[in-house]
Amino acid sequence: MRIQQQQQQVTDVVPSLTWGGDSHRVAAINLEESPNSSDKHDHEDSQKPRWRKFLSFVGPGFLVSMAYIDPGSMETDLQTGASYTFELLWVVLIGFTFALIIQSLAANLGVSTGKHLSELCKFEYPKYVKYCLWLLAEFAVICADIPEVIGTAFALNILFHIPIWAGVLITGLSTLLFLGLQRYGVRKLEMLISVLIMVMAACFFGEMNYVKPPAAAVVKGLFVPKLSGQGAIGSAIALWGSIIVPHNLFFYSALVLSRKVPRSVSAINDACQFHLIGSGFALVVALLINIAIISVSGTICSANNMSDDIANQCNNLSLDSAPFLLKNVLGRSSSTIYAIALLASGQSASITGTYAGQFIMQGFLDLKMRLWIRNLMTRCIAIAPSLIVSIIGGSKGAAQLIIITTMVLAFELPFALIPLLKFSNSNPKMGPHKNSIYIMVISWTLGVALTGFNMYYLISAFVGWLIHNKLPKIANVFIGIIVFPLMLIYVLAILYLTFRKDTAVTFTEPIMVDQPMAQNNMEHGLSNSNEVVEADHIPYSEDLVDIPLPE
């Protein structure tokens, strides 16, 4: 009985007055420790050096950065380098700059409000708008999972010579991985993915050092914008779609809640700075990897003295034919090492996508399901188009499907980006932590430019296809009657989200305590032992996922 009493923990729901709305945030209070013991641990935490506090905030940035070097990103990088050498590197640079800005906004939103983006959307928008945003977010998760399915199938084909369509079916078994992951914490997952990122970086950096791309051409590609025709515009949109992934905004705003943050202005500001630095470092690594992939592909496929075999491979370059790019560094083992890295990349990105889907479903609908069931559901939907295309079009068709899904993600981005920009610039949502005028101008300028660029390409590409296709005129008329209203709905939906006035108030002022000692304790994250339950922390979110989060 005594042992049971010592192990007993109670979970107390923080009052809605404190956290606003119907949030399901929970704060775990361990009754086995005396108040003095709790104070001692909190005091030790508060006395940690700043660099040690920063290290506890590093993981989420690397976990989210997996989306920037997943099979979809690798496919678009490879084809961009083979087709346009270094011409579109500036797209990658701008994309990662914008990704850093909006990722920091998502972190600030989660830390400052104690709620993630999908929860705030549920509180803010009418029922039908909320359901539409939820469906679009789920569709984005599925579109992001299709490259992981195909990338995993390519890796299995390289390693075991399994047909692509069979590899697609086998990827459904990867859900068993989640049964094992549930017994480990999120920190270990973040560490594993960070190691995989570094291994992948080492391979391409080593190859880049061997092929030695012309430095002047690389720098020019990074800082001199250039688009050579409609094909380059489509590739640019695919690059942006692979870099700025909609579901990542929901994911990161929830993932930052796995860190304990005292409910004070200074502590929240520190947490936002730590997340910015951590995600910035992870994104710089991912940016360098993407530049290395494009540079290696562009250098090898634009060489003057390449053989006919390499020229043929460059003309049909895709994920399954890319190992030849690493032969200079890895030799005969290039195919094996590349396939293992591709397999790890696909599985790691699938993990982040599953968590994102869980957060989206719980935030919008207040529903939860086991992670492996959630992964199985998403994977089964993603397998269907991948299987059909791989059977009909083979590896080339599957590679083209990856490009199409990344372009779809680019067109879906405004439906996650606009709510994020509006909420992070909103006094009712953020209080004193809302964006500065400079961040507001930069983020909205980039967001409007990217959305306008997407709409221009969508309309111009469709009109060009209508004019030049060989279908009967009556068929073109019917297609136009169907598609143009859909485009109008797309534009009107974006305008609605942009100009709708926010009404829900979710920010509440931090609790101010009269006693100087109690106020000082709260500012430094210490417990006030005289109170039974003190809502002086933005509670970390054990309720978001059913695996143990960091203690």
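## Close-up views of a predicted model

**View 1. A disulfide joins Cys301 to Cys314**. The model shown here and in the other views is predicted. The S to S distance between Cys301 and Cys314 is 2.1 Å. A search of the whole structure finds 1 disulfide. Cys301 belongs to helix H16 (residues 265–301), and Cys314 to helix H17 (residues 308–315). The two cysteines are 13 residues apart, and the pair links distant parts of the chain. The torsion about the S-S bond is about -80°, so this disulfide is left-handed. A disulfide is a covalent bond between the sulfur atoms of two cysteines.

**View 2. Helices H9 and H19 cross at roughly 165°**. Helix H9 spans residues 127–160 and helix H19 spans residues 334–365. Their axes come within 8 Å. Angles over 145 degrees count as roughly antiparallel, and H9 and H19 are therefore roughly antiparallel to each other. The crossing of H9 and H19 is left-handed. By class, the contact of H9 with H19 has 19 nonpolar residues, 9 polar and 4 charged.

**View 3. The largest cavity has a volume of about 190 Å³**. The structure holds 7 cavities of 30 Å³ or more. The lining of the largest cavity is made of 26 residues. Closest to the centre of this cavity are Asp70, Ala144, Asp145, Glu148 and His247. Helices H6 (71–84), H9, H14 (230–243), H19 and H20 (371–412) each give two or more residues to the lining. By class, that lining has 14 polar, 8 nonpolar and 4 charged residues. Rolling a probe the size of a water molecule over the atoms shows where empty space is left.

**View 4. Helices H7 and H21 pack at an angle of about 60°**. Helix H7 covers residues 89–113, and helix H21 covers residues 414–424. The axes of H7 and H21 are 10 Å apart. The angle makes H7 oblique to H21. The crossing of H7 and H21 is left-handed. Two packed helices are described by the angle between their axes and the distance between the axes.

Note on methods
Residues are numbered from 1 along each chain as its sequence is written. This is a predicted model: local features need pLDDT of at least 70, side-chain atom pairs count only at pLDDT 80 or more; totals for chains, interfaces and linings use all residues. Side-chain values use heavy atoms; hydrogens and water are left out. Axes are lines fitted to C-alpha atoms, for helices over the stretch in contact, and angles run from 0 to 180 degrees between N-to-C directions. Helices (H or I, at least four residues) and strands (E, at least two) are DSSP runs, numbered from the N terminus. Angles under 35 degrees count as roughly parallel, over 145 as roughly antiparallel, 65 to 115 as roughly perpendicular and the rest as oblique. A crossing is left-handed if the near helix is turned anticlockwise from the far one by less than a right angle, and right-handed if clockwise. Ala, Val, Leu, Ile, Met, Phe, Trp, Tyr, Cys and Pro count as nonpolar, Asp, Glu, Lys and Arg as charged, and the others, Gly among them, as polar. On a 1 Å grid over the protein atoms alone, a cavity is a set of points where a 1.4 Å probe fits but cannot get out, and a pocket is an open set with protein on both sides within 12 Å along at least five of seven lines; lining residues have an atom within 4 Å of a point. Grid points are joined across faces, edges and corners, and a volume is the space filled by probe spheres set on the points. A disulfide is a pair of cysteine sulfur atoms within 2.5 Å.
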